[in-house]
Amino acid sequence: MGVTPPTCYNFKVTEDRRFSPDEVAAAYRGIRERVVSLLRTLPDEAADKNVPGCPAWDVAQLSAHLVGVPEDVLSGSMDGAPGDDWTQRQVDRHQGQSLAQLADAYEATAEAFDAVMAAIPHPINSQVVMDAYTHEQDLREAVGRPGGSDDARDIALAFVLGPMTKNRPDLAADVLGAELDVNTLQRALSGRIGVGALTERGIDGEALADYFAGGPVRPPA
């Protein structure tokens, strides 16, 4: 049985919600274009800003991960993905590069990765968008430049909520019943809101943390 979202949400989330491959690929292209543009407009000193959503990283390191994902997919360097060792290699590979250089490196993956992205099956293609969109929002939060795309956000939400409505409809109903604004909902489901803060917002934070246990996306304590 599916879970019907409250009317405050402008997207449909059920266990069978899917976006077309073209929609998903277009959403990823939009993320990359926005991130490249943003990196090119930031001052050099922004590279050292801490990223609240990923407190172990600064802006340059977060950007290195965004660049590194398509690089590694294209080169076949997927050993350990999506774990910490894999992402650390991306950070190490781009250590010392300026934000402008990172923007150039990200843009350089565009043609080849777009061809690959169009062929990645569901739900892995949506997972790629979920990760990239979440980190776009991490970056924007760190530098105080809000923005993004409703389409990319909704793909990211559907990637998480689709399986949840099928496998844990009670938890999905609890999450949707909190009636968070849709952007806060996406942050909550991407591990960017802590357990205590989730509980304050009407979501069983411990239950959500248990649901995500063992995965790369989980609410901090």
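Predicted model: local features only at pLDDT ≥ 70, side-chain atom pairs only at ≥ 80, totals over all residues.
Residues are numbered from 1 along each chain as its sequence is written, and side-chain values use heavy atoms, with hydrogens and water left out.

Helices here are DSSP runs of H or I with at least four residues, numbered from the N terminus. H2 covers residues 59-75, and at 1.5 Å a residue its 17 residues should span 24 Å; the expected span is 1.5 Å times one less than the number of residues. The end C-alpha atoms of H2 are 24 Å apart, which agrees.

What caps the N-terminal end of H2? Asp-58 does, with a side-chain oxygen 3.2 Å from the backbone nitrogen of Ala-60. Just after H2, Gly-76 takes a positive phi of about 75 degrees.

H2 is largely enclosed by the rest of the structure, because 13 of its 17 residues are buried (under 20% relative accessible area, with a 1.4 Å probe and protein chains only).

## Helix packing

Two packed helices are described by the angle between their axes and the distance between the axes. Axes are lines fitted to C-alpha atoms, for helices over the stretch in contact, and angles run from 0 to 180 degrees between N-to-C directions.

H2 packs with H6 (residues 124-143) at about 160 degrees, their axes 10 Å apart. That makes the two roughly antiparallel, a label for angles over 145 degrees. H2 passes H6 in a left-handed crossing, meaning that the near helix is turned anticlockwise from the far one by less than a right angle; right-handed means clockwise.

H1 (residues 21-41) and H5 pack at about 155 degrees, with their axes 10 Å apart. So H1 is roughly antiparallel to H5, and their crossing is right-handed.

## Loops worth a look

Pro-82 sits in the loop between H2 and H3 (84-93), and a cis peptide bond joins Ala-81 to Pro-82, with omega about 0 degrees. The peptide bond from His-122 to Pro-123 is cis, with omega near 5 degrees; Pro-123 is in the loop between H5 (110-117) and H6.

Glu-179, in the loop between H8 (169-177) and H9 (182-188), has a phi near 50 degrees, a positive value in a residue other than glycine.

Terms used. Buried < 20%, exposed > 50% of the residue type's maximum accessible area, 1.4 Å probe, protein only. Polar contact = N/O pair within 3.5 Å; in protein donor to acceptor, adjacent residues only side chain to side chain. Parallel < 35°, antiparallel > 145°, perpendicular 65-115°, else oblique.
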